[in-house]
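Morning, everyone. Please have a look at the next slide, and then we'll go through it together.

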Amino acid sequence: MTVTEAVHTRAHIDLAERARQVLPGGATHASRSYDPRIYVARSSGSRKWLIDGTELIDYTMGHGALLLGHAHPAIVTAVQEQVARGTHYGAAHPLEVEWAELITALVPSADKVRFTASGTEAVMLALRVARAATGRDRILKLQEHFHGWSDAVSPFLDRDGRTRTPAGVPAALGLLTTVVRTDDPADLEAALAGGDVAAVIMEASGAHYGQLPLDPSFIAAARAASTATGTVLIFDEVVTGFRVAPGGMQSVLGITPDISVLGKVMAGGLPSGAVAGRGALLELLATTIAHPGTFNANPLSAVAGIATLRLVADGAPQRTADAYATSLAAEWTGALAAAGIPGTIRRLSSILHIFLGEPSAQARIANAMRAEGVDILNTSAFCSSVHTIADLEQSVAAFARAIVVASSPT
Ligand SMILES: Cc1ncc(COP(=O)(O)O)c(C=O)c1O
């Protein structure tokens, strides 16, 4: 059965109707609220299967968390063994120590680590540490850069360059968050010059894991200006950490932040986040900042994280995923040219970003790809170390058809 047929079966329609009764918009995540909705029953390696058994090639890869693919045997075994030994001890345990040791060994900024339950929480904690360390209230973020959904990082610039906050976030919080554009480091330097900013937070890959690349000279300027003004420099490596290299984007750039925010790959597909930074900053969590959190360093996430970090520490899975993504980018670029459809494919390591020239085509590409049996995350494709030549061939054929469908007038 094709995906288009599968989403019109009675079982799928009934599930979507039940979802609408109990879930707002029938969904649990802004990026999963497209229609027609797909319902996944299981996943393995590079593939996932809908409730009726229809198979898709997956490039959402757990929103980027699954560098090693779905249900990697080492992670499955580690989690199965741990679940029987207990999922929450309400006490310190050896796994959190080993997990933190692996992170400090790999991530340049990481002298010490504090675990959280998600990337969003880790961002909140990093900002709290920076504010406590500096005694300053304001933070600075870059336009379009995404750091989860907490209030402090949600302000943005409107078309007229005014700071706005989204629905549900008080406008007053916009006064504490300065948003700067990324075309000229002088703007950032000027915003820091007063010495009243606690932290600069950025995706060192550029916004949305490399969709809008950031000039390395901008990042170097941010590092220098932060140091000169006593501002804490935070790299949000929730997506890039362990994926673009064992040491993350900071090791690729050769620029070390004061604090890194981690998530996704660090826990092998289970929920977690972490703040990993300079010892003097993180030690504030032992003295002046109380940080609870029921699921911090929970044993299940810990064993999945340990299994993953051991496997990715030498960089081999990243190289495999990067090579696959390089081939896929070349093929998809060729397909655009062959079809005469304006667009480009941008690649950051194992992540591809699709840009179609026509806004309507760009808006339709994910649905068109799903209809062809290939699931992408909005307009991005996360490749893994387990995607195969068969996946590549099918994904190229699917893309060639999907771009025509997405570009056709409705
Ligand atoms: C760069 C970045 N930071 C932070 C987050 C938030 O992480 P989480 O979804 O685990 O709360 C995300 C999530 O996609 C992200 O892409």
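Which backbone lies 2.8 Å from an oxygen atom of the ligand? Gly 119 is the answer: one of its backbone N or O atoms sits at that distance. Before we go on, remember that this is a predicted model.

Stay with the ligand's oxygen atoms. The side chain of Thr 120 has an N or O atom 2.6 Å from an oxygen atom of the ligand. Now the nitrogen side. A polar side-chain atom of Asp 236 is 2.6 Å from a nitrogen atom of the ligand. How much of the ligand does the protein bury? On its own, the ligand exposes 390 Å². The protein buries 81% of that.

Next, the neighbours. Gly 119, Thr 120 and Asp 236 are among the residues around the ligand.

Let's zoom out to the chain. How many helices and strands does the protein chain have? There are 15 helices and 16 strands. Along the principal axes, the C-alpha atoms fill a box of roughly 60 × 55 × 45 Å.

Last point: the radius of gyration. The protein chain has 410 residues, so a compact globule would come out near 22 Å. The chain has 22 Å, which agrees.

Key: Residues numbered from 1 in each chain as written. Predicted model: local features only at pLDDT ≥ 70, side-chain atom pairs only at ≥ 80, totals over all residues. Heavy atoms only, no water. Near = heavy atom within 4 Å. Polar contact = N/O pair within 3.5 Å; in protein donor to acceptor, adjacent residues only side chain to side chain. Areas by Shrake-Rupley, 256 points an atom, 1.4 Å probe, with all protein chains shown as cover. Helix = DSSP H or I, 4+ residues; strand = E, 2+ residues; numbered from the N terminus. Rg over C-alpha atoms; globule rule 2.2 N^0.38 Å.
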